[in-house]
Every structure is written in structure tokens, then in C-alpha cells.
Amino acid sequence: MKDGTTHLAYKPEHAVDLDTGVIVAAPIHEADKDDTATLNEMKMAKDNLSAVGLAPTRDDPCEIIADKGYHSRSVLKDLDGGEWKSRISEPAPAKGYLRWQGDEAAREAVYANRRRLKSGVGRAAMRKRGGLVNAASPMCWIAAACVGPGFGAAR
């Protein structure tokens, strides 16, 4: 809720392979955590991909395609030049423009993400992500419904 309270106790999220539609990670987080703080599902996805020999590397990065709730300068700086290539939707700036104040690394990461997102490949990937995420959501809600007494969930 806007006042900081929440009706949900848990928030299911998932990482989906865009080529096959397979869910490679489906963690469940506490609902009061910020979206940018819950991006650790990438580590879970990397572990699961490495189990089948498809882990991302700096030479062969995987793409991460996410909505604007995950967009922050610190997240983009962490992803820049690593094993994940970001295509994260960018929210509108609060005052219509961005101020960098000497943070060149963040500026380069945000502009690189914007270039990738605005490309034809990026637009197609965002459309595909929307379809797969909506198809995968019922599975996550089923998993979230199983969190409760007797299911071994950490509280």
C-alpha cells in the first residue's frame, strides 16, 4: 500500500528463458522488499543454468529483460560489462531529465541499457517477455499459495 503496509506476505517472481519459455528460477520474496533488492534471482537462474551447462559468462552474456520496477543506477552499474546484458525498462525521470553529478559509470550504464532497449531486438524481446511472464504467472501464484504451515517455508 502507499503507506508502507502490505496485504501480501510474499511476492513470487520468476526468471523465464525467452527461447524455450522454461522457468529457470522462481524465488518467493517478502512483499515489503523493493524490486531492485530482489534481483538476486539472477544468481539462482545462473546456478540453474550452470547445472545444464548454459551459465552466462563475460564472453557469452545472457540477457536480462525486466520491467521498470527493477531499473536503478546501481543495478545497471552492477550489470554493466558482466555476465548479464540488461534490457530493463526505464521509468520517466521525476523532473523530465536526469542529473548525473559526476557519476559517469552510471551514465554510461543507463545509456547503454537505453540503446539496447530501443533497438529492434530489444523491443521484440520486451513483447516476448510480456507474453511469457503472463503465461508463467499462474505457476508462481500456485507456488505462493503453497507457502504456509507444513510446507517448510522460512518465516
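Which helix does Asn113 lie in? Asn113 lies in helix H3. The views below come from a predicted model.

**View 1. Helix H3 spans residues 104-118.** The helix has 15 residues. From first C-alpha to last, H3 reaches 21 Å, close to the 21 Å expected at 1.5 Å a residue.

**View 2. H3 has a buried side and exposed residues opposite.** Ala106, Ala109, Val110, Ala112, Asn113, Arg116 and Leu117 are buried. These residues cover an arc of only 165 degrees around the axis, which puts them on the same side of H3. An α-helix has 3.6 residues a turn, so residues three or four places apart point the same way. On the other side of H3, Arg115 and Lys118 are exposed.

**View 3. Asn113 is a buried residue of H3.** Its relative accessible area is 0%. Buried means under 20%, so Asn113 falls in that class. Leaving aside residues up to four places away in sequence, Asn113 touches His71, Leu76, Ser86, Arg87 and Ile88.

**View 4. Trp100 and Tyr111 form an aromatic pair.** The count comes to one aromatic pair. The ring centres of Trp100 and Tyr111 are 5.6 Å apart and the planes stand at 75 degrees, so the pair is edge-to-face. Trp100 sits in the loop between strand S6 (84-88) and H3, while Tyr111 sits in helix H3. The pair therefore ties together parts that are eleven residues apart in sequence. Trp100 is buried, with a relative accessible area of 13%. Tyr111 counts as partly exposed, at 26% relative accessibility.

**View 5. Gln101 has a positive phi.** The value is about 45 degrees, although Gln101 is not a glycine. Most residues other than glycine have a negative phi. Gln101 is found in the loop between S6 and H3. Gln101 is exposed, with a relative accessible area of 73%.

**View 6. The largest pocket holds about 1000 Å³ of space.** Its lining has 37 residues. Nearest the pocket centre lie Ala15, Val16, Asp17, Glu63 and Ile65. Six elements are named here for giving two or more residues to the lining. The strands are S1 (10-12), S2 (15-16), S3 (23-25) and S5 (62-66). The helices are H1 (41-51) and H4 (120-145).

Methods. Residues numbered from 1 in each chain as written. Predicted model: local features only at pLDDT ≥ 70, side-chain atom pairs only at ≥ 80, totals over all residues. Heavy atoms only, no water. Helix = DSSP H or I, 4+ residues; strand = E, 2+ residues; numbered from the N terminus. Expected span 1.5 Å × (residues − 1). Buried < 20%, exposed > 50% of the residue type's maximum accessible area, 1.4 Å probe, protein only. Arc of directions from axis to C-beta. Contact = heavy atoms within 4.5 Å. Phe/Tyr/Trp six-rings, centres within 6.5 Å; stacked < 30°, edge-to-face > 60°. 1 Å grid on protein atoms, 1.4 Å probe; cavity = no way out; pocket = protein on both sides within 12 Å on 5 of 7 lines; lining within 4 Å. Points joined across faces, edges and corners; volume = space filled by probe spheres on them.
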